Amino acid sequence: MKKLIAATLLFALALPVFAQEEPQEPKWTVRASGAYIPSMPTIISLFGAIAVGIAVSANEDNNETLDIQLPPVFSVDALYSFNRTWSAGVSATYAGSIWNIVDKDTREIHSSQLNSFISLCAVGRCNYLNRPAVKLYGSLEAGGMLVAGSSASFAGCFQVNPIGVEFGSDQIFGLVELGAGMNYLGGRAGIGLRF
């Protein structure tokens with residue numbers, strides 16, 4: 001009888017071990033990234049600024065010049081993983097440029113213009129390699145962009161990222177991407193969280 005009671009107690013204590021489910025992979029990924037390489041709209045804006053700068057510098061009576069600032073491109077993505085290979089979600093990106101007409105001697109700002117480029121895109125992603133410590137992937141983004149400056153307008157937006165790498169733990173990771181499109185050219189780096 002003592003053996004039967006002991007076996008029953010051991011079985012009762014071991015029951016939660018048998019009832020455990022296989023741990024599931026995280027379904028959601030949230031990423032924040034930045035790039036200092038200018039985006040396509042800021043490069044186009046830069047050509048406009050160069051034309052304005054030439055006109056301002058040509059007027060020697062005003063003693064003015066044009067200073068151009070290109071802040072980094074920032075992006076926040078939210079992706080849902082359907083399985084180990086495919087993910088989809090949204091991406092929001094901010095890029096901008098600042099044109100300041102300044103006095104050549106005193107550096108006093110005479111006028112300033114901020115151009116903002118805010119895009120919202122749908123993202124599709126395919127993982128080429130999906131390991132716990134590293135993921136290799138490619139992604140496509142398409143959507144719209146709000147262009148705000150002296151006036152506001154909307155434009156189409158696309159981004160192709162053929163090479164992306166996420167590295168680190170399964171929850172917190174770093175990322176590096178290479179791509180081209182309206183959001184950024186070249187590469188960007190960032191951090192992310194899976195849950």
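This tour moves through the structure from the overall chain to selected residues.

**Orientation**

The model is predicted, so that local features require pLDDT of at least 70 and side-chain atom pairs pLDDT 80 or more, while totals for chains, interfaces and linings use all residues. Residues are numbered from 1 along each chain as its sequence is written, and side-chain values use heavy atoms, with hydrogens and water left out.

**The whole chain**

Begin by displaying the protein chain as a cartoon. Two helices and nine strands make up its secondary structure; helices (H or I, at least four residues) and strands (E, at least two) are DSSP runs, numbered from the N terminus. Along the sequence, the pattern reads α-β-α-β-β-β-β-β-β-β-β. Of the 195 residues, 34% count as buried. Here buried means under 20% relative accessible area, exposed over 50%, and partly exposed in between, with a 1.4 Å probe and protein chains only.

**Salt bridges around Glu-166**

Next, select Glu-166 in strand 7 (residues 152-168) and Arg-31 in strand 1 (residues 28-35), which are 135 residues apart. These two form a salt bridge, with the closest N and O atoms 3.2 Å apart. A salt bridge is a side-chain nitrogen of Lys or Arg within 4 Å of a carboxyl oxygen of Asp or Glu. Both Arg-31 and Glu-166 are buried.

The side chains of Glu-166 and Arg-125 meet in a salt bridge of 2.7 Å, N to O. Glu-166 lies in strand 7 and Arg-125 in strand 5, so the pair ties together parts that are 41 residues apart in sequence. Arg-125 is buried, as is Glu-166.

**The largest pocket**

Now select Glu-25, Pro-26, Ser-81, Asn-83 and Asn-130, which are the closest to the centre of the largest pocket among its 17 lining residues. The volume of this pocket is about 180 Å³. On a 1 Å grid over the protein atoms alone, a pocket is an open set of points where a 1.4 Å probe fits, with protein on both sides within 12 Å along at least five of seven lines; lining residues have an atom within 4 Å of a point. Strand 3 (73-81) and strand 5 (109-130) each supply at least two lining residues, and the largest share, three residues, comes from strand 5. The lining divides into two nonpolar, seven polar and eight charged residues.

**A nonpolar surface patch**

Switch to a surface view and select Trp-28, Val-30, Val-76, Ile-172, Leu-193 and Phe-195. Together they make a nonpolar surface patch of about 570 Å². Such a patch is made of residues with over 30% relative accessible area and no salt bridge, nonpolar side chains being joined within 5 Å. Phe-195 lies in the segment after strand 9 (186-194), and it counts as exposed because its relative accessibility is 52%.

**Arg-107**

Finally, select Arg-107 in the loop between strand 4 (86-103) and strand 5. Most residues other than glycine have a negative phi. Arg-107, although not a glycine, has a positive phi of about 65°. At 42% relative accessibility, Arg-107 counts as partly exposed.

How values were computed
Patch = residues over 30% accessible without salt bridge, like charges linked within 9 Å, V, L, I, M, F, W, Y side chains within 5 Å. Areas by Shrake-Rupley, 256 points an atom, 1.4 Å probe, with all protein chains shown as cover. Points joined across faces, edges and corners; volume = space filled by probe spheres on them. Nonpolar A, V, L, I, M, F, W, Y, C, P; charged D, E, K, R; others polar.
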